[in-house]
Amino acid sequence: MTTEDATTTDLDRSDAPPEPPAPGRESAVRTLSRLWPYVRPVRARWAGAAVTAVIASCLGLVFPLVLKWIVDGPVTDRDPSGVWLGAGVLLALGVAEALLFGLRRWLVARPLAGVEAGMRADLYGHLQRMPVAFHDKWASGQLLSRATTDLMVVRMFLAFPLTFLIVNAVTIVAGLAVLVVQDWGLGLVLLAPAVPLMAVCYRFEHGYAEASRRAQDQVGDLTTVVEESVLGIRIIKGFGRHRSQARAFRELSQTVRGTELTKARLLAGILGIITLLPELALGTALVLGTVQVADGDLSAGTLVAFLSTALALRWPIESIGFLLAMSQEAATATRRFFEVMDESEEDPRVHEQAARAGGRDGARSGLRFEGVEFRYPDAAPDSVPTLARIDLHIRSGETMALVGATGSGKTTLTALVPRLYDVTAGRITLDGRDVTAMPREELRTLVSVAFEEPTLFSASVEANVRMGAPDATPDEVERALGVAQADFVRRLPEGTATEVGEQGLSLSGGQRQRLALARTVVGEPRFLVLDDPLSALDVHTEAAVEAALRRVLADSTALVVAHRPSTVLLADRVALLSDGRITAVGTHQELLRSSAEYRHLMSGDGDHDAHDAAEAGEAARA
Ligand SMILES: Nc1ncnc2c1ncn2[C@@H]1O[C@H](COP(=O)(O)OP(=O)(O)OP(=O)(O)O)[C@@H](O)[C@H]1O
């Protein structure tokens, strides 16, 4: 996304993910079960940790039984040594419980950090293999938030709620069994809230899933806005838009706050009910139990044991509300993760049919567009194609300039050669081989591209240039920097080792463009596709780059998008693109003579869009 785009962002949007599936369409359990391939390698340690936690939690249920023994035994018999023994057992139980919980944490911490890292690496690798059309469609903040916050939520779920939902369920069942065994009547009183609680939990899960999805998407939008504002900070300041931008940001954060409050309200509601109903049941059991003890129907020890068992179950029951909430958030995070992972990657296979059909033109026949038609993937099927009926032959070793009004489709046409997008009809061949018949790696070694927007990465000058050819020798890097007239790198603090890019030294537009050009030519590719590569250079530097570039172009087959006559003069021939169609091909002089539209475009009187240029051409003809 360009910086210009960043500032025109409508902050009120609720953009990507494109059409998120409605929550609840797939159950949380089903969604979370998709994590199994990632959890599988650590299943033994995870299960060991869960069993440890179950043992630790159930040890808590032994306390009341020891208490009962102390009250009904040594206390009733006034036996101090028995009381000390009981106290010692309680202390040992407490220490054992603490140690076991510590062991559980130790068992899972490292493997689950590994699961999170593995998922993140998979997501990153997948994003690298996704077609450009996918990145056109998805807001960067949505992808960022999925790779960071969502994966953290998943790790926390595996470490805590998943284990404790199991641990607490086992503890509650065991505890209720202990209660019923001690006094079935009082046990049933405590069991009474179970059914309404289950109904409440079910309803809560549904509402919370919806709110949690909304919140996580809104956080993604917020991330996008922050990222775009940082990238576009110069334009925001330059246009004095920081106040309105801040206001729009505040509104979006208010929306996130509102959704978080909805979640908090839902959680508070269920926590209230989950606490209230068992407390009521416990109060009732306490009254009934006390009456039974007074009537002599129940021993005091049994009542103490009964109540302390019930109290030991308070935490497992009360925690269910937020464990469910965390599980729902993890289900949403997992769903958001797999929404990206489920998108199909670029097909690495070559098209067999195209491979068989290719080769008939023979070697060194250059770059050919044959009946090419292209429509962007999100365009309506019946819309006018962006490019249509493109037949163009750039002979081996020839440089063809591509000229056309703004919006006529020049960038789109250049993007088809390295298969950033695939043609919707027709074919493109390199030395007679259909580009779809080549493995992408081979294609992208054969074709080198320089885009209008010279993006550099946070790395040294040399590493940025080497992206064009990782195996280039230092001499080749020097030569490429020479072609791009990037001698300014010698004056940088650490020469070619100087860090540039987002976190590095700031370079001027022209300097960045020259480094990007060096990156393109370093591998001496057979085919070069340059999208207006000299637009940011002053006339003297442009002339020097052109002189050097001419030597490179002599050995390559090149397609060069050009807006200025000086760039056009690099080319042997020129193709004129009007509204997505090639309307003329010839030398610069021929087109100056024969095409009014071309004359108009080359006259340099301002910027024209495709329509203006065509109209101006018509007018000039008339
Ligand atoms: N990713 C995209 N998705 C949908 N439509 C697009 C996309 N990129 C460009 N377009 C549309 O395709 C048309 C051609 O755009 P393109 O960028 O190829 O023009 P161009 O000739 O290179 O213009 P310029 O000289 O201004 O760079 C435009 O109408 C543009 O709106």
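Predicted model: local features only at pLDDT ≥ 70, side-chain atom pairs only at ≥ 80, totals over all residues.
**Entry: confidence**

I checked the scores next. The average pLDDT of the protein is 83, and 90% of the residues reach at least 70. Residues 1-24 have a pLDDT below 50, and this stretch still has 42 contacts in the model beyond near neighbours in sequence. For the complex, the predictor gives an ipTM of 0.95 and a pTM of 0.73.

**Entry: overall layout**

I counted secondary structure and found 27 helices and 12 strands in the protein. I then looked at the domain assignment, which lists domain 1 as 3-15 + 25-341 and domain 2 as 353-453 + 525-621. How far apart do the C-alpha centres of domain 1 and domain 2 lie? I read a distance of 57 Å.

Among contacts with a separation of 6 or more, 80% are between residues 24 or more positions apart.

**Entry: the ligand**

Which residues surround the ligand? I listed Asp-136, Tyr-376, Thr-386, Gly-404, Thr-406, Gly-407, Ser-408, Gly-409, Lys-410, Thr-411 and Thr-412. Sorted by class, this shell holds one nonpolar, eight polar and two charged residues. Helix H18, residues 410-416, gives the most to the shell, with three residues.

**Entry: the nonpolar cores**

I went to the largest nonpolar core, which has 69 residues. Leu-402, Ala-518 and Val-560 have the most contacts inside this core. Helix H22, residues 509-521, supplies the largest share of the core, five residues. I followed Ala-518 further. Leaving out residues up to four places away in sequence, Ala-518 touches Val-465, Ala-480, Leu-481, Val-483, Ala-484 and Ala-486.

Another core, of 58 residues, lies apart from the largest one. Its members include Leu-32, Trp-138, Val-167 and Phe-337.

**Entry: Leu-32**

Leu-32 sits in helix H2, residues 28-33. Is Leu-32 buried or exposed? I count Leu-32 as buried because 21 C-beta neighbours fall inside 10 Å, and the cut-off for buried is 20 or more.

**Entry: Ala-248**

Ala-248 belongs to helix H13, residues 242-295. I found 17 C-beta neighbours inside 10 Å, so Ala-248 counts as partly exposed. From Ala-248 to Thr-567 I read 319 residues in sequence and 42 Å in space, C-alpha to C-alpha.

**Entry: two positive phi angles**

Most residues other than glycine have a negative phi. Glu-524 has a positive phi of about 45° although it is not a glycine. Where is Glu-524? I found Glu-524 in the loop between H22 and strand S9 (527-531). Glu-524 is partly exposed because 17 other C-beta atoms lie within 10 Å.

Asp-579 is also not a glycine and has a positive phi of about 45°. I placed Asp-579 in the loop between strand S11 (573-578) and strand S12 (581-586). With 18 C-beta neighbours inside 10 Å, Asp-579 counts as partly exposed.

**Entry: Asp-487**

Asp-487 is in the loop between helix H21 (474-483) and strand S8 (499-500). Why does Asp-487 count as exposed? I found 11 C-beta neighbours inside 10 Å, and a residue is exposed if the number is 12 or fewer, so Asp-487 falls in that class. Asp-487 and Gly-141 are 346 residues apart in sequence, with 37 Å between them in space, C-alpha to C-alpha.

**Entry: Met-602**

I ended with Met-602, which lies in helix H26, residues 596-602. Met-602 has 19 other C-beta atoms within 10 Å, so it is partly exposed. Apart from neighbours within four places in sequence, Met-602 is in contact with Pro-565 and Leu-592. I also looked up the distance from Met-602 to Thr-171. These two are 431 residues apart along the chain, and their C-alpha atoms are separated by 81 Å.

Conventions. Residues numbered from 1 in each chain as written. Near = placed C-beta within 6 Å. Helix = DSSP H or I, 4+ residues; strand = E, 2+ residues; numbered from the N terminus. Nonpolar A, V, L, I, M, F, W, Y, C, P; charged D, E, K, R; others polar. Domains from an automatic or database assignment. pLDDT = per-residue confidence, 0-100. Contact = placed C-beta atoms within 7 Å. Core = buried A, V, L, I, M, F, W, Y, C linked by C-beta atoms within 7 Å.
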